[in-house]
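User: Hi, I have a model open and would like to walk through it with you. Could you help me read it?

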Amino acid sequence: MLWSLIGIGVFVYGVVYLLALLLLDCDLELAIYERFGKSIGRLKGKVCFITGASSGIGEQTAIVLARHGVKLVLAARRRGELERVKRACLEESKGVLQDNDVLVLPMDLCDLNSHKALFDRAARHFNGIDILFNNAGRSQRAVFENIEMSVHKELFELNVFSVVNLTKIAIDHFNQRGSGQIAVTSSIAGVMGVPYSASYTASKHAIHGFMNCLRTEKTGKHIAVTLLCPGPTFTNFLQESFTGKSGEKYGETVQSTDKRMTGQRCGQLCAIAIANKTKESWMAVFPLIPFVYLYTYFPTIYGIMLKMVGPEKMFKLRDSNEKLAEDYKN
Ligand SMILES: NC(=O)c1ccc[n+]([C@@H]2O[C@H](COP(=O)([O-])OP(=O)(O)OC[C@H]3O[C@@H](n4cnc5c(N)ncnc54)[C@H](OP(=O)(O)O)[C@@H]3O)[C@@H](O)[C@H]2O)c1
């Protein structure tokens, strides 16, 4: 009798788990936090420094946080866009945030020498920073053997070294204050090997290495480290993506018919993950989340599946357009 009950329990658990994977747009832990975890409102009054806040995922996360009364440092290169996002944040907060509670901080993250002075300026403005959200970054579309070494280096400069440098400055600050949180926008490409983006995929894997090491070192020391891993999302990133050639931009635009997560939904999930201090959160439209689970926990099955569908079909899942990969290879 007991064994039958355990058997039925395991079976029901398995079915619920599989159904959840088919229905959810994020990993199971994040889905549970969304329904039963800490509300984003617990961050009210805290100060979040967001890089890449002038568009896309950074902008949308800023708006969600502002709705919940989080004070913001909005950092990126385009001052005009940051001012636009600031106005949207103030409006979204419905009077909870005042002009002084959202600081526009123009900065080029590739200028590592400017980081300390700019971070200190923001910390002085708010009398301390609670969360550093490293979100700025650029993607890539290129075939492995066509990528110039200089592109690997340029991409790492923004996606990895600027993040590591700013994080180091924030960690010194958190050590003095006794607590803090680092969040980073990685990608599904930080978890699995996606095709036609070797430098980008490597940069996001490198971020996982740095941040997993940092989290281990800071365990029990009131410093949380959260890796956010979105899949395809409606933003400007294709325009700005690196290719294999130095100085070249991919320049494609996302189409409204593409299969991607909206920026708003991605921003909402990022804010939930930050509020709940998750270690690593995946967010993507179907069927990418089941693929990430397969890749992580059942690599042999994933390998067989990849052989059957081929890299172009995988690329199509990412960019909703198989032809882009074909064009690029020719
Ligand atoms: N969209 C997706 O499908 C997707 C999927 C997975 C992960 N991600 C990740 O999400 C993050 C945000 O990308 P997104 O999709 O939101 O793209 P996006 O709309 O192009 O936003 C990129 C942001 O990074 C900033 N940025 C770029 N270079 C910079 C520099 N040198 N200094 C300072 N800021 C810089 C841009 O601002 P300025 O131009 O004003 O400087 C912009 O605010 C990236 O890390 C990306 O890898 C995106």
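User: Which residue in S6 does Val-184 stand opposite?

Analyst: Val-184 stands opposite Leu-227 in S6. This is a predicted model, where local features need pLDDT of at least 70 and side-chain atom pairs count only at pLDDT 80 or more, while totals for chains, interfaces and linings use all residues. Residues are numbered from 1 along each chain as its sequence is written, and side-chain values use heavy atoms, with hydrogens and water left out.

User: Thanks. How many bridges pair S5 with S6?

Analyst: Six bridges, in the parallel sense, between strand S5 (residues 180-185) and strand S6 (residues 223-230). Two strands pair if DSSP finds at least two bridges between them. Strands (E, at least two residues) and helices (H or I, at least four) are DSSP runs numbered from the N terminus.

User: What is the strand order in the sheet?

Analyst: The order is S3-S2-S1-S4-S5-S6-S7, an open sheet of seven strands with parallel pairing. Strand S3 (102-106) and strand S7 (280-283) are at the edges with a single partner strand each, so one side of each has no neighbour in the sheet. From one strand to the next, the twist averages 15°. Axes here are lines fitted to C-alpha atoms, for helices over the stretch in contact, and angles run from 0 to 180 degrees between N-to-C directions.

User: Which helices pack on it, then?

Analyst: Helix H5 (residues 115-126) is one of them, touching strand S1 (47-51), strand S2 (71-76) and S3, and its direction makes about 165° with that of S3. Helix H7 (residues 198-218) lies across S5, S6 and S7, running at about 155° to S6. Contact means heavy atoms within 4.5 Å.

User: Back to S1. Are its residues buried or exposed?

Analyst: Five of the five residues of S1 are buried. Buried means under 20% relative accessible area, exposed means over 50%, and partly exposed is in between (1.4 Å probe, protein chains only). Val-47, Phe-49 and Thr-51 are on one side of S1, with Cys-48 and Ile-50 on the other. S1 runs parallel to S2, joined by five bridges, and Cys-48 stands opposite Leu-72 in S2.

User: I was also looking at His-115. Where is it, and what does it touch?

Analyst: His-115 is in helix H5. His-115 counts as buried because its relative accessibility is 0%. Leaving aside neighbours within four places in sequence, His-115 contacts Met-107, Leu-109, Ser-162, Asn-165, Leu-166 and Ile-169.

User: New topic: H9. Why is it called largely enclosed?

Analyst: Because 10 of the 13 residues of H9 are buried, the helix is largely enclosed by the rest of the structure. Those buried residues include Gly-263, Cys-266, Leu-269 and Ile-274. They pack against helix H2 (28-36), helix H3 (56-67), strand S4 (131-134), S5, S6 and S7.

User: How far does H9 reach from its first C-alpha to its last?

Analyst: Helix H9 (residues 263-275) reaches 18 Å, close to the 18 Å expected at 1.5 Å a residue. The expected span is 1.5 Å times one less than the number of residues.

User: What happens just after H9?

Analyst: Lys-277 takes a positive phi of about 50° there, although it is not a glycine. Lys-277 sits in the loop between H9 and S7 and is partly exposed, with a relative accessible area of 42%.

User: Which other residue has a positive phi without being glycine?

Analyst: His-222, with phi near 60°. His-222 lies in the loop between H7 and S6 and is exposed, at 61% relative accessible area.

User: And where is the cis peptide bond?

Analyst: The bond from Phe-286 to Pro-287 is cis, with omega near 5°. Pro-287 is in the loop between S7 and helix H10 (288-297).

User: Last one: what is the radius of gyration of the chain?

Analyst: The chain has 20 Å, which agrees with the value near 20 Å for a compact globule of 330 residues. The radius is taken over C-alpha atoms, and the globule rule is 2.2 Å times the number of residues to the power 0.38. Of the 330 residues, 52% count as buried.
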